Amino acid sequence: MTLTIAGTDFDQHEYDDRGDVLYLSVGPPREATRTIATPEGHAVDYDESDAVIGMVLVNVRFILERDGMLTLSL
């Protein structure tokens, strides 16, 4: 399954049910050059060319059940 967010295709994913955290990556997970926190408390990982390579989305199930959608500000 591929999930597309803002034009970036995330083809790797892992959900931690206990922590309600969704880990997304473009290709196999790799170390980021920099990570930016979003106002909503999520994290976006970038590579050396400033391309998005991963995201960590927190409280995913809680937010979706409460709001019906997840907002991510970049």
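Guide: Let us begin with one residue of this predicted model: Q12 stands opposite S25, which belongs to strand 4.

Visitor: How do you know that strand 3 and strand 4 pair?

Guide: Pairing requires at least two bridges between two strands, and five bridges join strand 3 (residues 12-16) to strand 4 (residues 21-25), so the two count as paired, and they run antiparallel. These strands form a hairpin with four residues between them, and in the turn D20 has a positive phi of about 55°.

Visitor: What makes strand 3 and strand 5 edge strands?

Guide: The open sheet has five strands in the order 3-4-7-6-5, with antiparallel pairing, and strand 3 and strand 5 (34-37) are its edge strands, as each pairs on one side only. The twist from one strand to the next averages 15°.

Visitor: How do you know that strand 5 pairs with strand 6?

Guide: The cut-off is again at least two bridges, and strand 5 and strand 6 (residues 43-46) have four, in the antiparallel sense, so they count as a pair. Within this pairing, I36 has V44 in strand 6 as its bridge partner.

Visitor: Which residues are closest to the centre of the largest pocket, and which strand supplies the largest share of its lining?

Guide: The largest pocket has a volume of about 220 Å³, and of the 13 residues that line it, Y23, L24, S25, P29 and M55 are the closest to its centre. Strand 7 gives the largest share of the lining, four residues, while strand 3, strand 4 and strand 7 (52-58) each supply at least two. By class, the lining comprises six nonpolar, four polar and three charged residues.

Conventions. Residues are numbered from 1 along each chain as its sequence is written. This is a predicted model: local features need pLDDT of at least 70, side-chain atom pairs count only at pLDDT 80 or more; totals for chains, interfaces and linings use all residues. Side-chain values use heavy atoms; hydrogens and water are left out. Axes are lines fitted to C-alpha atoms, for helices over the stretch in contact, and angles run from 0 to 180 degrees between N-to-C directions. On a 1 Å grid over the protein atoms alone, a cavity is a set of points where a 1.4 Å probe fits but cannot get out, and a pocket is an open set with protein on both sides within 12 Å along at least five of seven lines; lining residues have an atom within 4 Å of a point. Grid points are joined across faces, edges and corners, and a volume is the space filled by probe spheres set on the points. Ala, Val, Leu, Ile, Met, Phe, Trp, Tyr, Cys and Pro count as nonpolar, Asp, Glu, Lys and Arg as charged, and the others, Gly among them, as polar.
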